[in-house]
Amino acid sequence: MGSRVLFIDDDPLIGKLVRDFLEEEGYQVTVATSGQEGLDLARSHPPEVFLLDIMMPGMDGFEVCEAIRRDQALRSIPVVMLTAMESQKLNEQAFAAGAELCMTKPFSPERLLNAVNIALHNASLKRINSEKKKQKRKTA
């Protein structure tokens with residue numbers, strides 16, 4: 001089975017479209033329709049990558065991303081933010097909240113797949129580098 005993706009978006013239609021596409025590509029996808037539901041699901045079954053809408057009622061995507069980064073068990077999981085929001089400071093806000101990537105809607109399925117793959121690849125490189133540093137400290 002493929003990597004586990006948790007997609008958090010308050011629009012059920014977008015959730016279905018993204019889930020169907022990524023599942024066709026071999027990913028295991030869980031969809032949450034609110035920030036709190038997504039955090040609860042992540043704590044019980046951590047994903048390998050988050051896809052996170054920014055504009056949601058209740059907790060917005062920035063707040064959810066910040067909560068992920070504060071959670072010891074979730075903080076190393078990459079976050080890709082998706083939004084229809086128009087803002088010159090969008091990337092700055094997303095990165096400040098802890099996201100690795102930020103994409104604007106609408107997006108092509110291929111672009112979404114590339115973002116997920118890049119986020120997973122970068123997370124893998126971070127783990128490898130972290131392990132190498134631990135090994136160096138042990139041998140030093």
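**Close-up views of a predicted protein chain**

**View 1. Lys133, an exposed residue of helix 5.** Lys133 counts as exposed, because its relative accessibility is 52% and exposed means over 50% relative accessible area, buried under 20% and partly exposed in between (1.4 Å probe, protein chains only). Lys133 lies in helix 5 (residues 109-139); helices (H or I, at least four residues) and strands (E, at least two) are DSSP runs, numbered from the N terminus. This is a predicted model, in which local features need pLDDT of at least 70, side-chain atom pairs count only at pLDDT 80 or more, and totals for chains, interfaces and linings use all residues. Residues are numbered from 1 along each chain as its sequence is written, and side-chain values use heavy atoms, with hydrogens and water left out.

**View 2. The positive surface patch.** Lys132, Lys133, Lys136 and Arg137 form a positive surface patch.

**View 3. The negative surface patch.** Glu23, Glu24, Glu25 and Glu110 form a negative surface patch. Glu24 belongs to helix 1 (residues 12-24) and is exposed, with a relative accessible area of 68%.

View 4. The protein chain contains five helices and five strands, in the order β-α-β-α-β-α-β-α-β-α from the N terminus on. Of its 140 residues, 41% are buried. The C-alpha trace spans about 55 × 35 × 30 Å along its principal axes.

Technical notes
Patch = residues over 30% accessible without salt bridge, like charges linked within 9 Å, V, L, I, M, F, W, Y side chains within 5 Å. Areas by Shrake-Rupley, 256 points an atom, 1.4 Å probe, with all protein chains shown as cover. Salt bridge = Lys/Arg side-chain N within 4 Å of Asp/Glu carboxyl O. Lys, Arg positive; Asp, Glu negative; His and termini not counted. Charge placed at Lys NZ, Arg CZ, Asp CG, Glu CD.
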